[in-house]
Amino acid sequence: MNSRIGHGYDSHRLVEGRKLILGGVEIPFEKGLMGHSDADVLCHAITDALIGALGLGDIGMHFPDTDPAWKGADSIYLLGKIVEKVSDMGLKVGWLDATVLAEQPRIASYINRMKERLSSTGIPQGRINIKAKTAEGMGPVGRSEGMAAYAVCLLDVIPLN
Ligand code: MG
């Protein structure tokens with residue numbers, strides 16, 4: 001097997017009194033995502049895609065929300081722990097593609113900064129693609145009750161010399 005594929009999905013509610021963190025970037029907005037950690041929905045979807053490709057279950061098994069250690073946790077740090085596991089298992093990120101669903105604020109102008117922050121975990125910046133979409137006013141995301149994110153990744157086996 002030369003490659004593995006992984007898929008991740010996450011969603012969080014939008015509430016008042018929280019910072020909005022997406023892809024490790026703080027975005028000015030009147031509300032933020034609710035969660036045990038910093039609730040970075042994009043990081044969580046990407047982390048779950050990597051965990052899926054590793055065959056290691058899901059993000060909740062690695063960073064349980066019942067564990068006080070992860071309260072308010074920086075999700076870039078959690079992602080970095082999983083990227084370490086990727087290389088420990090002799091793999092590297094071949095490609096990562098993610099979609100954030102958010103009705104507001106418009107986040108397209110923050111995507112390059114998100115890619116920079118995500119690459120600080122060791123994923124090469126040139127192998128990350130992020131897309132931002134609205135839900136066209138439909139459903140819970142369309143009513144700005146929350147945000148969601150999807151991610152797929154390809155992990156390649158690092159060839160042994
Ligand atoms: Mg989450």
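**Strand and helix arrangement**

A right-handed β-α-β unit is formed by strand 5, helix 4 (residues 111-119) and strand 6. Right-handed here denotes a crossover whose path, with the strands pointing away from the viewer, runs clockwise from the first strand over the helix to the second. Helices (H or I, at least four residues) and strands (E, at least two) are DSSP runs, numbered from the N terminus. The model is predicted: local features require pLDDT of at least 70 and side-chain atom pairs count only at pLDDT 80 or more, while totals for chains, interfaces and linings use all residues. Residues are numbered from 1 along each chain as its sequence is written, and side-chain values use heavy atoms, with hydrogens and water left out.

**Strand pairing**

- Strand 5 (residues 91-101) is largely enclosed by the rest of the structure, because eight of its eleven residues are buried; buried means under 20% relative accessible area, exposed over 50%, and partly exposed in between (1.4 Å probe, protein chains only).
- Strand 5 pairs in the parallel sense with strand 6 (residues 128-133) over six bridges, and alanine 98 stands opposite isoleucine 130 in strand 6. Two strands count as paired if DSSP finds at least two bridges between them.
- Strand 5 also pairs with strand 7 (residues 146-157), in the antiparallel sense and over ten bridges; tryptophan 95 has leucine 154 in strand 7 as its bridge partner.
- Strand 7 is joined to strand 1 by eleven bridges, and these two strands run antiparallel. Valine 152 in strand 7 is the bridge partner of histidine 7.
- Strand 1 and strand 4 (residues 31-33) run antiparallel and are joined by three bridges, with glutamate 16 partnered by lysine 31 in strand 4.

**Magnesium site**

- Asp10 (OD), His12 (NE2) and His44 (ND1) coordinate the magnesium ion at 2.1 to 2.2 Å. Donors are N, O and S atoms within 2.8 Å of the metal (3.2 Å for Na, K and Ca); water is not among the atoms, so sites may look incomplete.
- Along the chain, the donors of the magnesium ion follow the spacing D-x1-H-x31-H. Distant parts of the chain are linked by histidine 12 in strand 1 (residues 3-16) and histidine 44 in helix 1 (residues 41-54), which are 32 residues apart.
- Histidine 12 is buried, with a relative accessible area of 17%, and histidine 44 is also buried, at 9% relative accessibility.

**Largest pocket**

- Fifteen residues line the largest pocket, and those nearest its centre are Ser37, His44, Ile59, Phe63 and Asp65.
- Strand 1, helix 1 and helix 2 (59-62) each supply at least two residues of this lining; strand 1 gives the most, with three residues.

**Loop glycines**

- Glycine 72 lies in the loop between helix 2 and helix 3 (75-88) and is exposed, with a relative accessible area of 51%. Glycine 72 and glycine 35 are 37 residues apart in sequence and 8.1 Å apart in space, C-alpha to C-alpha.
- Glycine 137 is found in the loop between strand 6 and helix 5 (139-142) and counts as partly exposed, at 43% relative accessibility. From glycine 137 to alanine 102 the separation is 35 residues in sequence and 9.9 Å in space, C-alpha to C-alpha.

Notes. On a 1 Å grid over the protein atoms alone, a cavity is a set of points where a 1.4 Å probe fits but cannot get out, and a pocket is an open set with protein on both sides within 12 Å along at least five of seven lines; lining residues have an atom within 4 Å of a point.
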